[in-house]
Amino acid sequence: MGRDTIAEVITSIRNTDMNRKGVVRIASTNMSENIVKILFREGFIENVRKHQEKNKSFLVLTLRHKRNRGRDNKKYLNLKRISRPGLRIYSNSQRIPRILGGIGIVILSTSRGIMTDREARLQGIGGEILCYIW
């Protein structure tokens, strides 16, 4: 049985955010690097650096946390995996969902690479919906 690298990335980031750790280390693959680039560009991640250890490369992410007044259990980053190996979800450019009225982002895997919903709508292409982030 294969590994779902996208789900591992999302789960690692979500667990780190819920525990208020701030720093997470994930395995470096082309798919995870592209997802992390999008998260960094959209402002969900504060810093990214590549780390090599015993012929394996990792991405070390510093998450951005919102300052909560009186609430310690409130999360800043919400991630949800949509398309999975057992059930692929595809969408054309007109039917790409808007998360929270455009506040959140949808990450898509298209024929032109991994991109956000805004970029896909501008280019007029659809693809596989990987995850929602808000």
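Tutor: Let's begin with Arg41 and Glu119, which form a salt bridge whose closest N and O atoms are 3.0 Å apart; the term means a side-chain nitrogen of Lys or Arg within 4 Å of a carboxyl oxygen of Asp or Glu. Arg41 sits in helix H2 and Glu119 in helix H3 (residues 117-123), so this contact ties together parts 78 residues apart in sequence. Helices here are DSSP runs of H or I with at least four residues, strands are runs of E with at least two, and both are numbered from the N terminus. Arg41 is partly exposed at 49% relative accessibility, and Glu119 is partly exposed at 27%; buried means under 20% relative accessible area, exposed over 50%, and partly exposed in between, using a 1.4 Å probe and protein chains only.

Please keep in mind that this is a predicted model, where local features need pLDDT of at least 70, side-chain atom pairs count only at pLDDT 80 or more, and totals for chains, interfaces and linings use all residues. Residues are numbered from 1 along each chain as its sequence is written, and side-chain values use heavy atoms, leaving out hydrogens and water.

The side chains of Glu33 and Lys50 meet in a salt bridge at 2.8 Å, N to O. Lys50 is exposed, at 53% relative accessible area.

Another salt bridge joins Arg81 to Asp4, with the closest N and O atoms 3.0 Å apart. Arg81 belongs to strand S4 (residues 79-81) and Asp4 to the segment before helix H1 (5-18), so the pair ties together parts 77 residues apart in sequence. Arg81 is buried, at 16%.
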